[in-house]
Each structure stands twice: as C-alpha cells, then as structure tokens.
Amino acid sequence: MSASSSSTTFKTNYSIFRKIEPFYKGGRIQVSQDGDYMFCPCGSKVNVVEISTGDVVRCIEQDDETDITTFALSNDDEILVTASQALLLKQWDWLANKCSRTWKATHTAPVASMVFDSTSTLLATGGCDSTIKIWDVPRQYCTHNLKGSSGVVHLVEFHPDISQLQLFSSSMDNIIRIWDLTSSQCIAQLENHYSPVTSLAFSPDYETLISAGRDKICTVWDLNKKESKVTIPVYESVEAVVMLPEGGDTSQLEVKTSSSLFLTAGSKGLLRVWDSTSATCVRVQSLPNLPTRIKEKEAAVTSGEHSLVHCTLVPAKSEVLAVNTEHNICMYDAETLELRKQFSGYNGEVLDVRFVGPKDSYIVVATNSPQLKVFELSSSHCQILQGHTDTVLGLDVFRKGKMFASCGKDKSVRIWLMAKDGTVHCIAQGLGHAHGVGALACSRVKENFVVTASQDHTIKVWPLPDPLPAKEDDDLVILQAHVTEKAHDKDINSVAVSPNDKLIATGSQDRTAKLWTCQDCTLLGVFSGHKRGVWCVQFSPVDQVLATSSADGTIKLWDLQEFGCLKTFEGHDASVLKIIFISRGGQVLSSGSDGLLKLWTVKSNECVKTLEGHKDKVWGLDANKKDNTVASGSSDSKVLLWKDITQAELEEEQTKREEEILKEQELSNLLHEKRHPQALALALSMGRPHTVLSVIKAILKEPNGRQSLVENITKLRKDQKEAVLKFSAEWNTNSRNCIAAQTVLEILLKNEAPESLLQYEGVKGAVESLLPYTERHFQRLNRLLQASMFVDFLWQNMKLPDASEEDQMEA
C-alpha cells in the first residue's frame, strides 16, 4: 500500500446525523396558522414537518399502529384529532407528542372526513356510514347526529361565520347539503355537479360559495338564495379550489376586484386563477422544472402524469401549498404562482445516491421512478428532474461536482449540469443500447467521456463535446458512442474508470470482473475468484489495485499487473452490493443486502465497525470530497447521511482520560491530608471500590472512627449509598475486607428505613450476594469463638499455682 494512506487518520466510526425518509403517503395536508409546520398523514402516523428545514420534528403515532383515515388540526393550532380504522378518535397535545383523550367515533364505518369550526370547539366527522356527527371537544360529548346523506361523506365544512350555525357536506350522490345546527335539519340541497364534489371555498363576504368537482366544472353559488349563479367549465378534473386573499396584486390581471379570484388545482398539474364574476381564467401557472423548449402539447401530456391531488392556502406566508400524485409537496407564491420550495414526501426504493454541487451541498437520488431528485441538504428543498422515460438505475458525478450523469431502463444516458443558483438541467443525451443501462462511470481527470454498461452485455464509451452547452435553452447535445464492446456473457452490474482515465473495469453476474483499456476497450485481463455474481468494482485512488464485491458476501482486492487476488475481506452475511474507498485508499466502506454497512482497514484486513441504520438492501453509497460524510440509500426508501465521528470520539476519550488523571491527583491529595469525607465522595463518583474500601478502613482506624463513619455514610446522597451497598457486597466476598463491609451494612440497616432500602437500585442482587458470604463469615466467627474458649480453658488448667497458693496447700 502507498505511503499516502499511512499518513491519513483512519476512521473508526460514523453516526447518522440526517435522514431523508418518507413522511407523507397521500391525503390532506394541513398547515399551522403561522405557516411554520405542515401536518402530513403517513400510514399509522401524522408527521409534523418544519417547513424551513424539511425535518420531521414530531411524529404522532397510534399505539395499535392502525392506519389513520383522516385528521384535523384546530384553528388555534392547539388540538389535533385523528381517526383510525379501529373507529376510534384520538385527541393529541401534538407539541408534547401525547394522546390526551381517546373515544369511540360511534360511526359504524371509518371516518372519511373531519373539520374543526372557526372557534376550535366543534368538530364534525363525516363517515363511510353516511352519517355526520358533531362533537363538542372541550365538553367531550356528541351534540349532533346528522342523517340523510348517501354513501361516504367525504367532505364536511363549517360555515366560516360563527353566527351562522351551519355545516356544509357532500357525499357520493354529488349533492352539497346545508345543515342547520340549531334544528339538526338539512335546510338546502345544492345540485349542479355530476360527479363527487371535491372542494368548497367561501368568498370573503361569506355570500358566495364556490364548489369544484371531478366533472370538470366549478359552480358559483349564491348562499342567500341557495341557488347556482354561474357554472364555470374548467376543462379538468378539479381536486381543490381555494379563494385567494383580498388585497393581492391584480395589476397584471384583467380583473376588477381581487375578492372574486379563486384558484383551482387538478388533473392538468397546473394551478390556475379564475375570476368568478367573469367566469374566465385570468392566470395559468408556467410549468416548473420543465425546459421551455418542450412544446406546449408535450408539456400538457407530461404534466397530466403529475396531476394535483390537494391544495391549500397558507395566508401567513402568502403561499399556496400544492401536492401532486407523485407525493411531491410544492410551495408557490400566492400572487405569482412561482415555485418557492418543493419537498419530496415519498421516495420509492433508493437505487443510487451521489453528492453534487459546490462543497457537496446537494445530493442527487435515483428512486424507483423516471424522475431524479436533487436535495439541497441545508433546506431539504427538492428539485424533480424530468427527462428519463423509465426507471433511473445509475448515477455518477464528474470530478468538479457541477456535472453528473444518469442512466436507466429507457436505454439512455443523460448528462446534467448544475447552474450557480443550484438549478439543474439536462444538456446531453445518448441512445444506442439495446436494453436498459444499469451502470455508468464518468471520466476522472477531465469532463470528457462517460462509460455505460448495459443488460445487452456491452459497454460503450461516449465522448462529450467541448464545450458543452451552458444554458438551459440550448438544444440537447446528442451523444454518439465511439467504442462498443461485448464485455460479458451475463448482465453487467458495475463499471468504473481508473483515476488516470486510462482503464475501465467491469463486474458482471458471470462471477468475473474484467479490465479494459479506455481508448479502444481492449481486454487486458480477467479477475476470477468470486463464487457468485460481482455487484461492484472500484479502483483504488492511490494504488494499482481494484476492489470487487460479490453476492458471495466477500470483498476482494486485486493486483492490476498480475490479476491475482491480494486480499479477501470476509464478514458480510449477505450480498455486498456497493463498495467505496475512503481515507485516501487506506480503508473500504461496503454495504450489504441486509442493510448493514461495514468499515474495513486495508492494511490490517479487519472490519473496524459495523453500522446499522437501514432495514433493506443498500444500493447507494457515496463519500463527499472532504471524506468526512457518507450518504447511503436503500430499498427501505431512506437516504441516511453519516458523519465521521472518529476525531470527536478520540477527543472525548482524551478529555475523559485527563479528567481521570486530575481526579486521581485530587484523591491522592485528600487521602494524604486525611480529609476522609471528601475522599469518600470523590472515590464513589469515580466508581473505585478499592479506593472507597481504603478510605473506610482509614476512617475506622481513627480514634472514634466508627462514629465518624456513621456520620460520613448517613450524609451521602441516595445514589452514593446505592454505590456503597453494591461495593459492600463485593468486599464481603473476601474475608480480609468483610469487617468493613459488615460495618457499612450495619450502618445502612440501622440508619435507613426498610422502605427506602427497598427503593435502592440493585438492592435485590446485593442482598442475594451478601447473604451466603455473611453466613460463611458468621460460621467462621463461631468456630473462632469456640477455638478461643477452648484455648482459654486449656490455659486455665495448665496455669502454675503462685507462691501464696503453695503456702496454703502446705498448711
């Protein structure tokens, strides 16, 4: 191994500091009044996401783990109520993350819709059993049971004016019902829609209602007359309608007043602003993240695949939140409809992950879809890159980090460029493989070629033109492969380019890895030795060495000159899917199909650490340029970011060692100065049984030592007394120390109430340990007493009489 790796500090441990994981699986999202948090349903949980960072700050999860069918957040942001498949309603104090109340929904089928009134005291629930129930939340009882709907009640909405005690609902019969809550009667039925009504919006003066449905119309209702004023054809299935706030900038729009503007979100994937008085569309959102060169017709088709399923207004931030079928959550400016921020609510299987951008401040992720996702790590803002027409399978990044390449099942390779503002666009595309392209590798020295490996068993080298287009509006460069070579007899799983751009390595299901020249793909040699398919190949950044990982659970290092195996790392119990060199080639990090990551040191041939974080196959693994952060992506839909904590652990260890030395010195000084109470407390805090014993023995040797020991022990804290009791059990096992142990035990038994002794941690184990040895010491004392009495008796009998006794005997 080279000298450069020996001067590098080897890593010993990593810890997870960031997770990018699914937090939203469909349904209605609610936003807090201040616009700082969004509440996202996710199976049996409701995740509370901080919008500024994209982090999940709370997770409201049911104990029984049954799916949440719907939920509602009160208008004062204090109460969250969830409804589950188990027909239970739960009231949550979401800030404390605890359930404050659970009650039966009394619906005979799951709750489908739920809403609070503007005072946050009444809660309406619409069920799949065609009934609506209204609950007084503070007083905790059901106030109304409204019957008469047909089928699932999928929409309930209180009249925004508190004085109008009315509830609006809609069910499967496409009728909007208005309920008077004082009489519990349905006072009006608004009929105009021919398919389910999806959304309702009230005008600022509360005199007009706008309803939207999947029948591609919006209806404007006069609430005073309870009749339709106008029907607006919107030519798309509408999922949400939102009234825009009054006082907005309407200078760019041909409208008389802003109070009549409403916004629709639907199947075309675009937000559109309508004027209810003129029944015309006054603004259409320009498509985000799509090149302007795409024709309008194509854009409409493309956007149709990403139709909007939910939309809500965030007045505090003057934003509109919209959600599409891909579970992407977008925050738009309420006036201009321009994208401010985007989140990815759900990633499918993560197939690859790479650091990109300046200072590796972004990661690009290939999920089980044609779209690529680029996450800004500081804010979790996510760009969705359109281009591939089938699942993206592989990624690689050029040396500078501004350009990266992707390949997929659509048989293509694409080159992407990140602009200075962080936006990414496609600048080049290559087509030519007969089957899906499963792996690729970028050139290392210059940004001048890409190598791809396909399921058609061939590798292709694609030269990149110089210069490449720098702007989005420039036409896509069509790449042409200048070399094609049939490389293996089975699928090629991995391809790598050497650090000097002279060599190419490939790994295949045929159990071999091969080495090729970069110029014309001449075969230089074959690496044979794995018992199953080779999943990954990687060149060492400093040595003439190739690393391979296989489904046989091993990692092998090969000599590039002789093609012989130099080392084999064994330790994975499953297929090793990915390997990367770190610590300047001195270490290898590997990931397996069991979700484990392992850190290996090349020189010593040993596994330094096993990292647990994923629950499924880890397909993606990449280290940043600074070599202090690792990203891993798995089939469990998670991307984990790991930071190198070797230095932090070393410093912590060093600090502990220094503290120990200082305490040792202090203890020595205290013992020397015979300051026994302080020495006893310090020895206990250091967890030193032997030193504590020495201090106790020293106290007992003093004049009036026993009384002094009683005072010292009774002054100790509860945790210190627990430690003394534990140590006593240890000393009691040795006859030389049993007197000190028994003295401590006696003091504790005499000065502590039995109830408080029973509260001590580990008291049961201490008593179990003390009993047999105490019995043994007692028996030994008995034997000693008997022996001493026998000696005394012998002494009395063997004593010589003194002179006075002899005189008496003679007389």
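These legends describe close-up views of a predicted model. Residues are numbered from 1 along each chain as its sequence is written, and side-chain values use heavy atoms, with hydrogens and water left out. Local features need pLDDT of at least 70, side-chain atom pairs count only at pLDDT 80 or more, and totals for chains, interfaces and linings use all residues.

**View 1. Thr 198 sits in strand β18.**
This strand covers residues 197–202. Strands (E, at least two residues) and helices (H or I, at least four) are DSSP runs, numbered from the N terminus. Thr 198 is buried, at a relative accessible area of 16%. Buried means under 20%, exposed means over 50%, and partly exposed lies in between (1.4 Å probe, protein chains only). The Thr 198 side chain reaches the backbone oxygen of Val 238 at 2.7 Å. Beyond residues up to four places away in sequence, Thr 198 touches Leu 155, Ala 212, Gly 213, Arg 214, Val 238, Glu 239 and Ala 240. Contact here means heavy atoms within 4.5 Å.

**View 2. Four strands form an open sheet.**
The order is β22-β23-β24-β25, and the pairing is antiparallel. Two strands pair if DSSP finds at least two bridges between them. At the edges stand β22 (238–243) and β25 (280–284). Each has a single partner strand, so one side of each has no neighbour in the sheet. From one strand to the next, the twist averages 30 degrees. Such angles run from 0 to 180 degrees between N-to-C directions, with axes as lines fitted to C-alpha atoms, for helices over the stretch in contact. Strand β24 (residues 271–275) is joined to β25 by four bridges. Opposite Val 273 stands Arg 283 in β25.

**View 3. Strand β57 pairs with β1 and with β56.**
Strand β57 spans residues 639–644. Six bridges link it to β1 (residues 14–20), in the antiparallel sense. Ser 15 has Lys 643 of β57 as its bridge partner. Strand β56 (residues 629–634) also runs antiparallel to β57, over five bridges. There, Val 630 stands opposite Trp 642. The hairpin of β56 and β57 has four residues between the strands. In this hairpin, Ser 637 takes a positive phi near 75 degrees.

**View 4. Helix α8 holds Gln 742.**
The helix runs over residues 738–751. Its 14 residues reach 20 Å from first C-alpha to last, close to the 20 Å expected at 1.5 Å a residue. The expected span is 1.5 Å times one less than the number of residues. Buried residues of α8 include Cys 738, Ala 741, Val 744 and Leu 748. The buried residues pack against α5 (689–701), α6 (705–714), α7, α9 and α10. Gln 742 is partly exposed, with a relative accessible area of 25%. Leaving aside neighbours within four places in sequence, Gln 742 contacts Asn 732, Thr 774 and His 777. Gln 742 and His 777 are 35 residues apart in sequence and 9.9 Å apart in space, C-alpha to C-alpha.

**View 5. Helix α10 has a kink at Leu 771.**
Helix α10 (residues 763–798) has 36 residues. It reaches 51 Å from its first C-alpha to its last, close to the expected 52 Å. The kink is about 25 degrees and lies shortly before Pro 772. The bend at a residue is the angle between axes fitted to the seven residues ending there and the seven starting there. In α10, Val 763, Ala 766, Leu 770 and His 777 are buried. Cover for the buried residues of α10 includes α7 (718–731), α8 and α9 (754–758).

Technical notes: A polar contact is a pair of N or O atoms within 3.5 Å; within protein, one must be able to donate a hydrogen and the other to accept it, and residues adjacent in sequence count only if both atoms are side-chain atoms.
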